[in-house]
Amino acid sequence: MRTQPREVRCTACNILLAKVEENGLVIQRGELQATIHGEFHAALVCYRPRCRKLNVLRLSTVTKLAVATA
Ligand SMILES: [Zn+2]
């Protein structure tokens with residue numbers, strides 16, 4: 001069964017920061033695309049100039065696809 005891509009949004013302004021897909025966390029910004037797989041913590045600073053909120057993700061794509069925002 002295919003899992004639906006899950007959106008990771010800024011907790012402050014709700015802008016889209018990344019997506020969680022089958023193969024990992026996908027960040028796409030202009031020409032940059034990053035796919036991150038494994039078990040890790042990621043700290044994403046919101047790219048909206050007036051926001052700049054730090055969003056911390058705990059993600060594991062090893063056992064099962066799960067993401068938690070703190
Ligand atoms: Zn934001």
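How many helices and how many strands are there in the chain? There are zero helices and seven strands. Helices (H or I, at least four residues) and strands (E, at least two) are DSSP runs, numbered from the N terminus.

1. **Basis.** This is a predicted model: local features need pLDDT of at least 70, side-chain atom pairs count only at pLDDT 80 or more, and totals for chains, interfaces and linings use all residues. Residue numbers start from 1 along each chain, as its sequence is written.

2. **Overall make-up.** Read from the N terminus, the elements run β-β-β-β-β-β-β. The chain has 70 residues, and 11% of them are buried. Buried means that 20 or more other C-beta atoms lie within 10 Å of the residue's own; exposed means 12 or fewer, and partly exposed is in between, with C-beta atoms placed from the backbone. Take the contacts with a separation of 6 or more: residues 24 or more positions apart account for 36% of them. A contact here is two C-beta atoms, placed from the backbone, within 7 Å.

3. **The sheet.** Four strands make an open sheet in the order β1-β2-β3-β4, with antiparallel pairing. The edge strands, each pairing on one side only, are β1 (6-9) and β4 (32-36). From one strand to the next the twist averages 25°. Axes for such angles are lines fitted to C-alpha atoms, for helices over the stretch in contact, and the angles run from 0 to 180 degrees between N-to-C directions. Two strands count as paired if DSSP finds at least two bridges between them. In general, strands of a sheet pair through backbone hydrogen bonds, either parallel or antiparallel.

4. **β1 with β2.** These two strands run antiparallel and are joined by four bridges. Arg9 stands opposite Leu16 in β2. Glu7 stands opposite Lys19 in β2. Their hairpin has six residues between the strands, and Asn14 there takes a positive phi near 70°.

5. **β2 with β3.** Strand β3 covers residues 24-29 and runs antiparallel to β2, with three bridges between them. The hairpin from β2 to β3 goes through two residues.

6. **β3 with β4.** Five bridges hold this antiparallel pair. Gln28 has Gln33 as its bridge partner in β4. The hairpin has two residues between the strands, and Gly30 in the turn has a positive phi of about 60°. Is β4 buried or largely in the open? Of its five residues, zero are buried, so β4 lies largely in the open.

7. **The core.** Which residues form the largest nonpolar core? There are seven: Val8, Cys10, Leu17, Ala18, Val20, Leu25 and Leu59. Strand β2 (residues 16-21) gives the most to this core, with three residues. A nonpolar core is a set of buried Ala, Val, Leu, Ile, Met, Phe, Trp, Tyr and Cys residues joined through C-beta atoms within 7 Å. Cys10 is worth a look. Leaving aside neighbours within four places in sequence, Cys10 is in contact with Ile15, Leu17, Cys46, Cys51, Lys53 and Asn55.

8. **Val62.** This residue sits in the loop between β6 (54-60) and β7 (66-69). Val62 is exposed, because it has 11 other C-beta atoms within 10 Å. Beyond neighbours within four places in sequence, Val62 is in contact with Gly38 and Glu39. Val62 and Gly24 are 38 residues apart in sequence, and 9.2 Å apart in space, C-alpha to C-alpha.
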